[in-house]
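Student: Could we go through this protein together? I would like to know how to read a model like this one.

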Amino acid sequence: MASESSVQSTAAETPRTKEDDPSVWRIALRNRSVLWGGILLSAIALIAVIGPFLTLDPVALNPINRLKPPGDAGLFGTDQLGRDLFSRVVNGARVSLIVGIAVATIAISIGLFLGLIAGYVRLMDALIMRVMDGLMSIPAILLAIAMISLSGATLTTVVTAIVIPEIPRVVRLVRAVVLTVREEPYVEAAISVGTKVPLIMVRHVLPNTIAPLIVQATYICGSAMLTEAILGFLGAGIPPEIPSWGNIMSEGRTFFQLTPWIIFFPGICLAVTVLAVNTVGDGLRDTLDPRIARTLR
């Protein structure tokens with residue numbers, strides 16, 4: 001009996017190693033979706049950052065070389081004005097990533113604040129959620145086109161127009177988490193000892209919203225890139241003098257039968273980028289879900 005108790009005490013005193021208690025990021029790296037999606041997304045981000053410094057001027061006109069196929073006058077060929085298509089596609093990656101990251105950051109920040117209030121303060125719940133329901137009833141594309149038509153086509157206007165329809169989705173997500181967490185025993189215990197509401201929300205409620213918000217941010221980023229490309233393709237997005245994947249495809253659709261590469265290359269880049277973002281989001285969802293994370297340990 002003594003030896004058995006000593007073994008148990010020794011096992012209890014033995015410190016747990018990193019292999020026994022891996023962190024969230026170590027578990028995430030074991031997920032192939034996070035690993036390969038992160039590598040691909042990092043490569044695209046690196047190209048977007050340093051690419052414009054290594055390519056030709058994306059707005060320089062050269063009518064003599066107009067509509068040249070890939071290889072003759074450039075890696076991706078040229079467009080209808082003789083501009084280097086590779087340079088324009090690389091510069092368009094920067095615009096798409098800026099829009100995606102900005103929309104995700106702003107939507108998560110505002111939606112988190114409103115969702116915490118709506119989920120914890122019962123008097124504000126009905127007011128905030130009715131406003132959110134009203135925003136969700138408006139088609140996102142039509143709202144974006146209306147705002148851009150009134151305010152002008154600028155990068156700030158495009159980001160604002162895409163952010164507004166995304167906020168209600170974040171608010172509903174955060175509110176659902178808060179409604180569940182505020183009924184937990186540890187929250188009721190904090191209330192019973194007189195802990196102030198802001199401290200309860202920051203210490204006990206807010207940490208429970210981080211995991212779903214990280215996943216939601218990846219989906220918002222990918223959706224924002226697609227929306228920006230749609231607006232650019234319709235001629236209601238980024239100004240034509242700023243190369244973006246939507247603008248490039250919009251300008252090349254007239255010559256699609258003769259020069260399909262003008263639409264093909266930016267379309268492929270957009271699809272690969274959104275796929276990488278969504279792949280990372282799927283992997284993070286699996287990693288941050290406690291039931292699935294146990295199987296990855």
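**Helix 3 and beyond**

Tutor: Let us begin with a check on helix 3. Its 23 residues, at 1.5 Å a residue, should span 33 Å, and the C-alpha atoms at its ends are 32 Å apart, which agrees. Please keep in mind that this is a predicted model.

Student: Where does helix 3 bend, and by about how many degrees?

Tutor: The bend in helix 3 is at A48 and comes to about 35 degrees. A proline, P52, follows within four residues.

Student: Which residues of helix 3 are buried?

Tutor: They are V34, G37, I44, A48, G51 and P52.

Student: Where is V49?

Tutor: V49 lies in helix 3, which covers residues 32–54. V49 also belongs to a nonpolar patch on the surface, formed with L46, I50, F53 and L54. Together these residues have about 560 Å² of accessible area.

Student: Changing topic: what about R182, is it buried or exposed?

Tutor: R182 is buried, because its relative accessible area is 12% and buried means under 20%.

Student: Where does R182 sit in the chain?

Tutor: R182 is in the loop between helix 7 (155–181) and helix 8 (185–192).

Student: And which residues is R182 in contact with, leaving aside neighbours within four places in sequence?

Tutor: Those contacts are G119, Y120, R122, V187 and E188.

Student: Next, I268. In which helix is it found?

Tutor: I268 is in helix 11, which runs over residues 261–288. With a relative accessible area of 41%, I268 is partly exposed, because that class lies between the 20% limit for buried and the 50% limit for exposed.

Student: How far is the C-alpha atom of I268 from that of W245?

Tutor: The two C-alpha atoms are separated by 9.8 Å, while I268 and W245 are 23 residues apart along the chain.

Student: Now the whole chain. How many helices and strands are there?

Tutor: The protein chain has 12 helices and 0 strands.

Student: What share of the residues is buried?

Tutor: Of the 297 residues, 41% count as buried. The accessible surface of the chain is about 16000 Å², and 68% of it belongs to carbon and sulfur atoms.

Student: What share of the contacts joins residues 24 or more positions apart?

Tutor: Among contacts with a separation of 6 or more, such pairs account for 72%.

Technical notes:
Residues numbered from 1 in each chain as written. Predicted model: local features only at pLDDT ≥ 70, side-chain atom pairs only at ≥ 80, totals over all residues. Heavy atoms only, no water. Patch = residues over 30% accessible without salt bridge, like charges linked within 9 Å, V, L, I, M, F, W, Y side chains within 5 Å. Areas by Shrake-Rupley, 256 points an atom, 1.4 Å probe, with all protein chains shown as cover. Salt bridge = Lys/Arg side-chain N within 4 Å of Asp/Glu carboxyl O. Helix = DSSP H or I, 4+ residues; strand = E, 2+ residues; numbered from the N terminus. Expected span 1.5 Å × (residues − 1). Bend = angle between axes of the 7 residues up to and from the residue. Buried < 20%, exposed > 50% of the residue type's maximum accessible area, 1.4 Å probe, protein only. Contact = heavy atoms within 4.5 Å.
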